[in-house]
Amino acid sequence: MALPKFHTHPESMSVDEGGVARFQCQVNGIPEANITWENDSVVLRASDDRYTLLPMLILQITGAKKSESEQNCLRIYHSMD
């Protein structure tokens with residue numbers, strides 16, 4: 001078993017209001033970690049059309065809002081079963 005480790009961290013970016021932002025990370029661990037993207041401590045759901053979860057742990061946000069700035073984060077959960 002190996003605890004999750006970031007190989008690529010999501011990077012801060014500047015996006016015009018209404019624009020598109022993409023955040024990417026790479027995390028390795030055994031067993032594979034559970035990853036969630038959050039905004040202001042609320043899990044982002046793919047059911048919201050503004051958020052798209054792409055392959056390779058990419059979060060795409062369309063229609064970026066000023067109120068979202070610096071509130072997105074990535075949480076990693078690792079099962080110890």
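Strands are DSSP runs of E with at least two residues, and helices are DSSP runs of H or I with at least four residues; both are numbered from the N terminus. The model described here is predicted, so local features need pLDDT of at least 70 and side-chain atom pairs count only at pLDDT 80 or more, while totals for chains, interfaces and linings use all residues. Residues are numbered from 1 along each chain as its sequence is written, and side-chain values use heavy atoms, with hydrogens and water left out.

**The loop between β6 and β7**

L57 is located in the loop between β6 and β7. Its phi is near 55°, a positive value in a residue other than glycine. M56 belongs to the loop between β6 (51-54) and β7, and M56 also has a positive phi, of about 70°, without being a glycine. For background, most residues other than glycine have a negative phi.

**The sheet**

The open sheet has 3 strands in the order β2-β7-β6, with antiparallel pairing; two strands pair if DSSP finds at least two bridges between them. β2 and β6 are the edge strands, each with a single partner, so one side of each has no neighbour in the sheet. From one strand to the next, the twist averages 20°; for such angles, axes are lines fitted to C-alpha atoms, for helices over the stretch in contact, and the angles run from 0 to 180 degrees between N-to-C directions. The antiparallel pairing of β2 and β7 runs over 4 bridges. In this pairing, A21 stands opposite I61 in β7.

**Buried and exposed residues**

A residue is buried under 20% relative accessible area, exposed over 50% and partly exposed in between (1.4 Å probe, protein chains only). The table applies these classes to residues discussed in this report.

| Residue | Relative accessible area | Class |
|---|---|---|
| W37 | 7% | buried |
| Y51 | 9% | buried |
| F23 | 12% | buried |
| Q60 | 14% | buried |
| L57 | 29% | partly exposed |
| M56 | 64% | exposed |

**The nonpolar core**

A nonpolar core is a set of buried Ala, Val, Leu, Ile, Met, Phe, Trp, Tyr and Cys residues joined through side-chain atoms within 4.5 Å. The largest one has 9 residues: A21, F23, C25, V27, W37, L44, Y51, L59 and I61. Strands β2 (21-24) and β7 each supply at least two residues of this core. In soluble globular proteins, nonpolar side chains tend to be buried together.

Contact means heavy atoms within 4.5 Å. With residues up to four places away in sequence left out, L59 touches A21, R22, F23, W37, L44, Y51, T52 and L53.

The structure holds 1 aromatic pair. The ring centres of F23 and W37 are 6.5 Å apart and the planes are at 45°, so the pair is tilted. Rings of Phe, Tyr and Trp (its six-membered ring) pair if their centres lie within 6.5 Å; planes under 30 degrees apart are stacked, those over 60 are edge-to-face and the rest are tilted. The pair links distant parts of the chain, with F23 in strand β2 and W37 in strand β4 (residues 34-39), 14 residues apart.

Q60 is part of strand β7 (residues 58-61), and its side chain has a polar contact of 2.6 Å with that of R22. Y51 lies in strand β6, and its side chain has a polar contact of 3.4 Å with that of R50.

Methods:
A polar contact is a pair of N or O atoms within 3.5 Å; within protein, one must be able to donate a hydrogen and the other to accept it, and residues adjacent in sequence count only if both atoms are side-chain atoms.
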